[in-house]
Amino acid sequence: IIRSDNPGILPRRYRGFSALETLDLSRNSLRRFPNGARRNRQLRELNLQHNHLTLNRKLRKHPFVEILPLQYNEIERVPKSIRRFRNLKKLNFNYNHITSAHRAIRFLNKLEHLSFYHNELSAIPDGVYEMTTLREIDLFHNKIEIIEPHIMQWQNLRILYLSHNRISALPENIGALTSLEGLYVWENHLEALPESLGNLTSLRYLWLNNNNLQQLPQSLFSLKRIEELDVSHNFLTSINESVFDFRKLKILSLIDNPWNEKTLAIIHRRVSELRNRNVFVHIPDK
């Protein structure tokens, strides 16, 4: 771990550290990508967060690095040369100014975790849709409006973070993501959900709060593994009573919807049953 306000004093090479596994150069005011450890065969993590990197210069090969934290830099575009990190499994671009990524990002064919949290993407880059090894992708806090049907290529995806965007619809073929365990789409502009949600048989966490939903697809209530469901702050007037029958339920939030009187009566009648099962229930007042 090296900390300095003067990047000029950093070592140019790290070859002497033959056992080096993690090199932390965060908070060093770096403006150029450091290449001094690219030949260290044991190096697995190169931490470069909280610098001034732009990635405007061509990146050199780093064939051994698996984890690359780049959050809190000054990156506006993910360059073609990112493909030179061919062994990456985790790549973090949080808190940059990224508007696009070169399609060559698809050649990171070992990548499992990718994060663009708090950037300026107006769409998911084409190359990202082609990354079939992804298990988790974080797109929170961007400006994304459309999710393309290409999403079905993420067959290994477990967690999909889409909250705080401008999404008005999810593609019907989202149901093809049968490995998906968590779908987080709160704070968007969703008015309806596809019936294919019922095909997400591995789904455990579904957060739909703060949208414009007026109803939920009936297929949703056939899912067997739901543990957390938040539909608060929508425009729902009624809900299938099966919502109280999810056997693995741990969290259920129903507040701030214009429920009709019949539905309110059902909610208040069934809530004690859930609380007796130690389910955390957030419901509207009587």
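In which loop is Ser 29 found? Select Ser 29 to begin: this residue sits in the loop between strand 1 (22–24) and strand 2 (45–47), where strands (E, at least two residues) and helices (H or I, at least four) are DSSP runs numbered from the N terminus. The model is predicted, so local features need pLDDT of at least 70 and side-chain atom pairs count only at pLDDT 80 or more, while totals for chains, interfaces and linings use all residues. Residues are numbered from 1 along each chain as its sequence is written, and side-chain values use heavy atoms, with hydrogens and water left out.

**Two positive phi angles**

Stay on Ser 29, which is not a glycine and yet has a positive phi of about 60 degrees. At 24% relative accessibility Ser 29 counts as partly exposed; the scale, with a 1.4 Å probe and protein chains only, calls a residue buried under 20% relative accessible area, exposed over 50%, and partly exposed in between. Next select Leu 55, in the loop between strand 2 and strand 3 (67–69), where phi is near 65 degrees, again a positive value in a residue other than glycine. Leu 55 is buried, with a relative accessible area of 7%.

**The whole protein**

Of the 286 residues, 51% are buried.

**A strand residue and its contacts**

Now select Asn 92, in strand 5 (residues 90–92), which is buried at a relative accessible area of 14%. Leaving aside residues up to four places away in sequence, Asn 92 touches Leu 68, Pro 69, Leu 70, Gln 71 and Ser 115, a contact being heavy atoms within 4.5 Å.

**The aromatic rings**

Turn to the aromatic side chains, where the count comes to 13 aromatic pairs; rings of Phe, Tyr and Trp (its six-membered ring) pair if their centres lie within 6.5 Å, with planes under 30 degrees apart counted as stacked, over 60 as edge-to-face and the rest as tilted. Select Tyr 95 and Tyr 117, a tilted pair at 5.4 Å centre to centre with 50 degrees between the planes. Tyr 95 lies in the loop between strand 5 and strand 6 (100–101) and Tyr 117 in the loop between strand 7 (113–115) and helix 1 (126–129), so the pair ties together parts that are 22 residues apart in sequence. Tyr 95 is partly exposed, at 31% relative accessible area.

Then select Phe 140 and Tyr 161, whose ring centres are 5.2 Å apart with planes at 85 degrees, so this pair is edge-to-face. Phe 140 lies in the loop between strand 8 (136–138) and strand 9 (159–161), and Tyr 161 in strand 9, so the pair ties together parts that are 21 residues apart in sequence. Phe 140 counts as buried, at 9% relative accessibility. To see these residues in context, select the cluster that ring pairs link together: Tyr 72, Tyr 95, Tyr 117, Phe 140, Tyr 161, Tyr 184, Trp 186 and Trp 207.

**The last stop**

Finish at Phe 280 in strand 14 (residues 280–282), which is exposed, with a relative accessible area of 52%. Phe 280 touches Lys 250, Ile 251 and Leu 252, not counting residues up to four places away in sequence. Draw a distance from Phe 280 to Ser 238: the two are 42 residues apart in sequence and 20 Å apart in space, C-alpha to C-alpha.
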